Amino acid sequence: MPSITDLHQQLETLRPGLFRFAQLQLRNESAAEDAVQETLLAVLEKPDSFAGNSSLRTYVTGILKFKIIDHLRSLKKEKPLETKEDESEDDLIDSLFNANGHVIGNPPSWGAPEAALQQKDFFRVLEVCLENLPAKTARVFMMREWLELETEEICKELELTTSNLWVVLYRARLRLRECLDLNWFGHK
């Protein structure tokens with residue numbers, strides 16, 4: 001276990017990344033700041049809870065994930081204003097298929113995705129790609145893929161039908177694939 005001084009320094013180093021992640025999911029600077037502060041406070045109040053079985057970053061990110069989930073659940077009492085989806089999404093989807101409904105070309109090989117996932121730059125590019133998604137689409141994707149919430153819980157939280165959820169996830173994956181193809185895998 002690191003000393004308290006080392007722990008403070010390590011947490012200060014992790015803080016910007018934690019804030020970016022929280023802001024990407026919550027889409028609210030104040031709520032993101034609160035979630036990060038609560039996370040750091042939880043770690044500092046019980047430093048002995050970190051057993052060292054994983055990296056400090058993994059441990060702190062796990063706590064942040066639960067803080068974000070708690071915040072999302074607390075929003076059930078509030079009904080946020082819904083914005084309409086980006087209209088160019090239909091054009092993007094249409095451009096991937098020919099008139100017969102078949103895919104226009106297979107996606108390029110991504111090589112060894114496991115190795116790419118371990119590179120810091122990949123996560124920076126992925127973060128930029130997520131930030132370029134419409135807010136609702138990015139939120140749904142992060143709830144499903146990063147926070148690992150169940151379909152029913154996401155639908156209830158965002159008042160979506162199951163079929164609408166799957167359409168939003170499909171569109172998110174298409175746009176992320178295109179963005180990663182252009183900005184990550186295309187530059188190798």
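Biologist: Which side chain does glutamate 33 meet in a salt bridge?

Modeller: Side chains of opposite charge can pair when their charged atoms come close. The term salt bridge is used for a side-chain nitrogen of Lys or Arg within 4 Å of a carboxyl oxygen of Asp or Glu. Here glutamate 33 meets arginine 15, at 2.1 Å from N to O. Glutamate 33 sits in helix α2 (residues 29-45) and arginine 15 in helix α1 (residues 4-26), so the pair links distant parts of the chain, 18 residues apart. Helices (H or I, at least four residues) and strands (E, at least two) are DSSP runs, numbered from the N terminus.

Biologist: What should I know about the model before reading on?

Modeller: The model is predicted: local features need pLDDT of at least 70, and side-chain atom pairs count only at pLDDT 80 or more, while totals for chains, interfaces and linings use all residues. Residues are numbered from 1 along each chain as its sequence is written, and side-chain values use heavy atoms, with hydrogens and water left out.

Biologist: Is glutamate 33 buried, partly exposed or exposed?

Modeller: Buried means under 20% relative accessible area, exposed means over 50%, and partly exposed is in between (1.4 Å probe, protein chains only). Glutamate 33 has a relative accessible area of 24%, so glutamate 33 is partly exposed.

Biologist: How many salt bridges does the structure hold?

Modeller: The structure holds 4 salt bridges. One of them joins the side chains of arginine 20 and glutamate 127, at 3.0 Å from N to O. This pair ties together parts that are 107 residues apart in sequence, because arginine 20 lies in helix α1 and glutamate 127 in helix α6 (residues 120-131). Both ends count as partly exposed: arginine 20 has a relative accessible area of 40%, and glutamate 127 is at 21%.

Biologist: How many residues apart are arginine 177 and aspartate 181 in helix α9?

Modeller: The two are 4 residues apart, so about one helical turn separates arginine 177 from aspartate 181. Their side chains also meet in a salt bridge, at 4.0 Å from N to O. Arginine 177 is partly exposed at 28% relative accessible area, whereas aspartate 181, at 17%, counts as buried.

Biologist: How far does helix α9 reach from its first C-alpha to its last?

Modeller: The expected span of a helix is 1.5 Å times one less than its number of residues. Helix α9 covers residues 162-183, which is 22 residues, and reaches 31 Å, close to the expected 32 Å. Its buried residues include Leu165, Val168, Leu169, Ala172 and Cys179.

Biologist: Which cysteine is joined to cysteine 179 by a disulfide?

Modeller: A disulfide is a covalent bond between the sulfur atoms of two cysteines. The cut-off is a pair of cysteine sulfur atoms within 2.5 Å. The structure holds 1 disulfide, and the partner of cysteine 179 is cysteine 129, with S to S at 2.0 Å. Cysteine 129 lies in helix α6 and cysteine 179 in helix α9, so the bond ties together parts that are 50 residues apart in sequence. The torsion about the S-S bond of cysteine 129 and cysteine 179 is about -80°, so the disulfide is left-handed. Cysteine 129 is buried at 3% relative accessible area, and cysteine 179 counts as buried at 13%.

Biologist: Where is arginine 27, the residue I would check for its phi?

Modeller: Most residues other than glycine have a negative phi, and most peptide bonds are trans. Arginine 27 lies in the loop between α1 and α2, and its phi is positive, about 55°, although arginine 27 is not a glycine. With a relative accessible area of 34%, arginine 27 is partly exposed. Glutamate 159, in the loop between α8 (151-158) and α9, also has a positive phi, near 55°. Glutamate 159 is exposed, at 58%.

Biologist: Which residue lies over the face of tryptophan 146?

Modeller: A charge sits over a ring if NZ of Lys or CZ of Arg is within 6 Å of the ring centre and within 35 degrees of the ring normal. Lysine 65 lies over the face of tryptophan 146, at 5.5 Å from the ring centre.

Biologist: How many helices and strands does the chain have?

Modeller: The chain has 9 helices and 0 strands. Of its 188 residues, 36% count as buried. Contact means heavy atoms within 4.5 Å. Among contacts between residues at least 6 apart in sequence, 70% join residues at least 24 apart.
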